[in-house]
Amino acid sequence: SIRGLNGRGYVSEFLGNRSWPECLVANFSLAKGFGCNGGGVTTSSSFFEKLIREFGVTYSFSGPLDFAMIGSALAVLEKHSSGEVTGRQQDLHKKIKLFGSLIGMAQQDFPIFCIDIGSEEKAISIAESLKSDGFVVPVVFFPVVPRDQAKLRVVIRTSHSDQVLSRLATSILNLQGGS
């Protein structure tokens, strides 16, 4: 949802109007950006389509979506096809650029910032202080990353105001220097 025309994704954006390669299989999910369930798989290859239909049965690892989730998924798909997602993409990328510049990671084009902290103890302490300031920022540490390379995982959303992002960046920078 965050890349490509009408949120079609990075692969579609990269390929543009070119034909999809026969070996390309692309997946999408509605669970991350819009908080509902559902997704799909697409390919231009009849061979891969047959494999997916035969071995990637919908119920292999889950059950069917309930009616509320189906309604949510349809509403999300409508937001994509109507072009509404384009405005949201622009807002999100402005917020990513703002937060990146404030935190010193300005060259990023993705809404998840992994901010290097170092020790697990320091990262947890910073996260606890941020929580006291009203921010919920998860810590990523071993075994997800190597020992003593803990990170704060900040996720930017369109609902975050510029003021909130500025306050969060300032808090993180102050705590990094003071912890």
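Where is the place of Pro64? Pro64 sits in the loop between helix H3 (46-55) and helix H4 (67-82).

## Basis of the model

This is a predicted model: local features need pLDDT of at least 70, side-chain atom pairs count only at pLDDT 80 or more, and totals for chains, interfaces and linings use all residues. Residues are numbered from 1 along each chain as its sequence is written, and side-chain values use heavy atoms, with hydrogens and water left out.

## Overall build

The protein has 7 helices and 5 strands. These are DSSP runs, numbered from the N terminus: helices are H or I with at least four residues, strands are E with at least two. From the N terminus, the order is α-β-α-β-α-α-α-β-α-β-β-α. Along the principal axes, the C-alpha atoms fill a box of roughly 60 × 35 × 35 Å.

Of the 179 residues, 26% count as buried. Buried means under 20% relative accessible area, exposed means over 50%, and partly exposed lies in between (1.4 Å probe, protein chains only). The protein exposes about 11,600 Å², and carbon and sulfur atoms supply 57% of it. That area comes from the Shrake-Rupley method with a 1.4 Å probe. Take the contacts between residues at least 6 apart in sequence: 59% join residues at least 24 apart. Contact means heavy atoms within 4.5 Å.

Pro64 is exposed, with a relative accessible area of 58%. Its C-alpha atom is separated by 9.5 Å from that of Gly38. Along the chain, Pro64 and Gly38 are 26 residues apart.

Ser45 lies in the loop between strand E2 (39-43) and H3. Ser45 is buried, at a relative accessible area of 4%. A polar atom of the Ser45 side chain lies 3.2 Å from the backbone nitrogen of Phe47.

## Packing of H4 and H5

H4 and helix H5 (residues 84-103) pack at an angle of about 85°, with their axes 4 Å apart. That makes H4 roughly perpendicular to H5, a term for angles of 65 to 115 degrees. Axes are lines fitted to C-alpha atoms, for helices over the stretch in contact, and angles run from 0 to 180 degrees between N-to-C directions.

Which residues make the contact? H4 supplies Lys79, His80 and Ser82, and H5 supplies Glu84, Val85 and Arg88. By class, the contact of H4 with H5 has 1 nonpolar, 2 polar and 3 charged residues. Ala, Val, Leu, Ile, Met, Phe, Trp, Tyr, Cys and Pro count as nonpolar, Asp, Glu, Lys and Arg as charged, and the others, Gly among them, as polar.

Notes
A polar contact is a pair of N or O atoms within 3.5 Å; within protein, one must be able to donate a hydrogen and the other to accept it, and residues adjacent in sequence count only if both atoms are side-chain atoms. Angles under 35 degrees count as roughly parallel, over 145 as roughly antiparallel, 65 to 115 as roughly perpendicular and the rest as oblique.
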